[in-house]
Amino acid sequence: MSAIRVLVGVLGMDQHEVGAVAIAKTLRDEGMEVIYTGCFNTPETIVRTAIEEDADVIGISSHSWEYLYYMPELIELLKHNALDIPVVLGGSVITEEDAASMRAKGVAAVFGSGSVMANVVASVKSLAARDTAH
Amino acid sequence: MTPRIDASIDALVAGTLAGDLRSASRLIRLIDDGAPAAWQAQKRLFSHIGKALVIGITGPPGAGKSTLTDCLIARARRDGKSVGVLAVDPSSPISGGAILGDRIRMNRFALDDAVFIRSLASRGHFGGITPATRGAIRVMDAMGKDVILVETVGVGQDEVDIARLAHTTIVVAVPGLGDDVQAMKAGILEVGDLFVVNKADRPDADETVGYLQNVFRRTPAGEWRRPVLKAQALHHKGIDEIWQAIAEHAVYRHSAAPALKARQRANCEIELRSFLRQGLQQALLRKLDAEPGILEAVADIVAGKSDIYAVTDEILGKLRFGEEREEEARAENVVLRPG
């Protein structure tokens, strides 16, 4: 028996946890194992936790501007550690423009305001499948 | 979905033995997923284990197991010990998914290189831990962790598997949870080596402590008398006393060698039988999965052309289990119609 393992957390001083909890529950209901790290994570703690938990995908929920600062750092740190773990970013504050810049910097998928939950789920599933043998 | 194995099993084993976090983490995943490669790896690790002190932390949901685990990590680190943590949370019986959130309470060790925290989902297993827990303990042991803390799912009464894996099992209770009848229930009270009444700043804490002490009062001389300790894990209170009791239990375990040997033998027998059962089950299920005609049989049953009992007998007969079943049935008939 096996399951997709997804790390879900919020970065920096952002205390808006409702979105992270909602996506964690949705992914759980889709049969995934969600390692939930709550608020106040840094790129360092996210990377270390992803290693310890053998996460297939990292999901970051953001409802503050801080992601503009932390996400590139997270992507760089993953690269620096030679970790090929796709990162998905979701949150109400992400503009089309910033989403494009995030993608350009290496974020695998970005979901802004008004995104459909089913699309987030499908994205996580396909990114996890990319890394699996069966 | 078992991840692609980038590294060879050789590399994972060598990495784990050298204390490499990524190798150990991937190996635990393979064990958890029941990957055939994991079996080979564990075989090779087996001669390198047995050095770690394994402490189980169990108790009802909300008792403060994760917070106490956090305190015990801190206490072990103060002694310069490296620590492995296995935190088990329940899988949803509906979706199979899980939210694994115990490690939030241990966040202050997120970047401590001597601490490795791993969450496990119960994956349909009852008993407070998972079938992979023992394997995960062995991986952490082999990578050189001095102390391994295993936090179970919040348990009720008879989920006591942890006691078979841990050297010392801590049962965390909270004031007001158990009246006299609750406390007399078998299971969790029998497997605890030491009891912690957490949230002891609550007014009825002494009552709970007194009750538990009363349960263990008539411990025969020479046997381990289970201590009942008060703690406030959230405020880091009572932790030194728990650490001391763990040390005293270790002294007892070493002095009680014959009793320990018997327990070890019993545990080994259970594990060996469970491995054999698993192997047998997998082999049989593979045979069953390869059996054609199940869907046609279902259609026939639903259409009223055949009955489900006859179809079961027929398929098992094809798999060559029919005879045993008939013999069983005959044996039952003999019993049913004596003379």
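Predicted model: local features only at pLDDT ≥ 70, side-chain atom pairs only at ≥ 80, totals over all residues.
Residues are numbered from 1 along each chain as its sequence is written, and chains are lettered from A in the order in which they are written. Local features need pLDDT of at least 70, and side-chain atom pairs count only at pLDDT 80 or more, whereas totals for chains, interfaces and linings use all residues.

Chain B contains 14 helices and eight strands; helices (H or I, at least four residues) and strands (E, at least two) are DSSP runs, numbered from the N terminus. Of its 339 residues, 37% are buried, a term that requires 20 or more other C-beta atoms within 10 Å of a residue's own, with C-beta atoms placed from the backbone. From first C-alpha to last, α11(B) reaches 47 Å, close to the expected 48 Å, which is 1.5 Å times one less than the number of residues.

The contact between the chains takes 32 residues from chain A and 29 residues from chain B. On the side of chain A that touches chain B, α1 (18-29), β2 (33-41), α2 (43-53) and α5 (117-129) each supply at least two residues. The largest share, seven residues, comes from α2(A).

Strands also pair across this contact (at least two DSSP bridges between them). Here β2(A) and β3(B), residues 98-100, run in the parallel sense over three bridges, and Ile35(A) stands opposite Leu100(B).

Terms used: Contact = placed C-beta atoms within 7 Å. Buried ≥ 20, exposed ≤ 12 C-beta atoms within 10 Å, placed from the backbone.
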